[in-house]
Amino acid sequence: EMVCIAEPCGSLSDVPTKVNNELVKVENRLSLIQDRLRPNFTCSTMPANLNKVAYDIHPALAALWHEAEEWHLLASDHCDVYGFNVWSPAWLDESTEMVFDGKDGREEWLKKHKNQVVNKKGNQSSIPSCASNGWVCCMAFSEFDYLLICLNKDSPAYGHVHHINTHTKKESYCSSMDELLGHLANFIEEGKARADGPMFGRNKSSSTLPRPLRLLRKAVIDAICR
C-alpha cells in the first residue's frame, strides 16, 4: 500500500472564506456605484470598452467604467473639470500628458517631487510620485485639481489615488480607489442634505480627512448646492 506524505501547506478552509470576502467586496462596490453614485451623475449611455486599454485597470475603477464611460456630477457647464468628473479611458495617456503639460512637464514634475509627496499623515515623504510610469489621470474636480491612479499591478501603490494641484504644483496621497468611491457617495449625500435646508444639512466634521479629500468634499457639496 502506497502512503502519500505531504508537507503542510495551509488550511483549505481559508480558501472559501477569501473567495466569499472578495465576492462581498465586489457586490458592495457594485451596489455603491449603482445605488449611491449613478443616480446623482450625468453619465454616458454606454459602458467603456476596456479591452483596448493598455493598463491593468483597478477593479474599483473598472466597475465605474463598466457602468458608464464618462461621469459628470454637474449636468452642464462642467467643462470636464468642475464638480467631479471621471473621464473616458479612451485617452488615458493623452489626458495624463495634458495635465502635466506634456512629456517634459511630467519628467520635470517627477524630479521636483522626489521625497516631496505628502503622505496620508500630511507629511512630505518618499512615496513615489504619480508622475511615475503606470499612473494615469482620469478624474478632476476643478481646472487645477486632478486625481491620478496607479495602474501598475506590480507596484505596492496599485489602486492608490494621488491629488495634484497644477497651480500650486503640490502632490498628495488621497486614498485608495475603493475608499474614494465611499467618500464620494458620502459627500454627495451630505451635499443633498445641505441643499434641503440648514436643519437637514448640518455640517459634519471633515477635520479628520486628509487635505485632498477635504478639497474634494467642498467641490462636491458646492456643485450640489449651486
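Biologist: Which residue stands opposite H163 in β9?

Modeller: In β9, that residue is S172. A word on the source: this is a predicted model, in which local features need pLDDT of at least 70, side-chain atom pairs count only at pLDDT 80 or more, and totals for chains, interfaces and linings use all residues. Residues are numbered from 1 along each chain as its sequence is written, and side-chain values use heavy atoms, with hydrogens and water left out.

Biologist: How should I read strands and their pairing?

Modeller: Helices (H or I, at least four residues) and strands (E, at least two) are DSSP runs, numbered from the N terminus. Two strands pair if DSSP finds at least two bridges between them. Here, β8 and β9 (residues 170-176) are antiparallel and share six bridges. Their hairpin has four residues between the strands, and there K169 takes a positive phi near 65°.

Biologist: Which strand do five bridges join to β8?

Modeller: That is β7 (residues 145-150), and the two run antiparallel.

Biologist: Is β8 enclosed or open, and how do I judge that?

Modeller: In β8 (residues 160-165), five of the six residues are buried, so the strand is largely enclosed by the rest of the structure. Helix α2 (residues 59-67) has seven of its nine residues buried, so it too is largely enclosed. Among the buried residues of α2 are L61, L64, W65 and E67.

Biologist: And aromatic pairs, how do I read those?

Modeller: Rings of Phe, Tyr and Trp (its six-membered ring) pair if their centres lie within 6.5 Å; planes under 30 degrees apart count as stacked, over 60 as edge-to-face and the rest as tilted. By that rule there are four aromatic pairs. One of them joins F41 and W71, edge-to-face, at 5.5 Å centre to centre with 75° between the planes. This pair links distant parts of the chain, 30 residues apart: F41 lies in the loop between α1 (14-37) and β1 (42-43), and W71 in strand β2 (residues 71-72).

Biologist: What relative accessibility does F41 have, and what is the value for W71?

Modeller: F41 has 9% and counts as buried, while W71 is buried at 1%. Another edge-to-face pair is F100 with W109, 5.6 Å centre to centre and 65° between the planes. Both F100 and W109 are buried.

Biologist: Which residues form one aromatic cluster?

Modeller: F41, W71 and F84 do.

Technical notes:
Buried means under 20% relative accessible area, exposed over 50%, partly exposed in between (1.4 Å probe, protein chains only).
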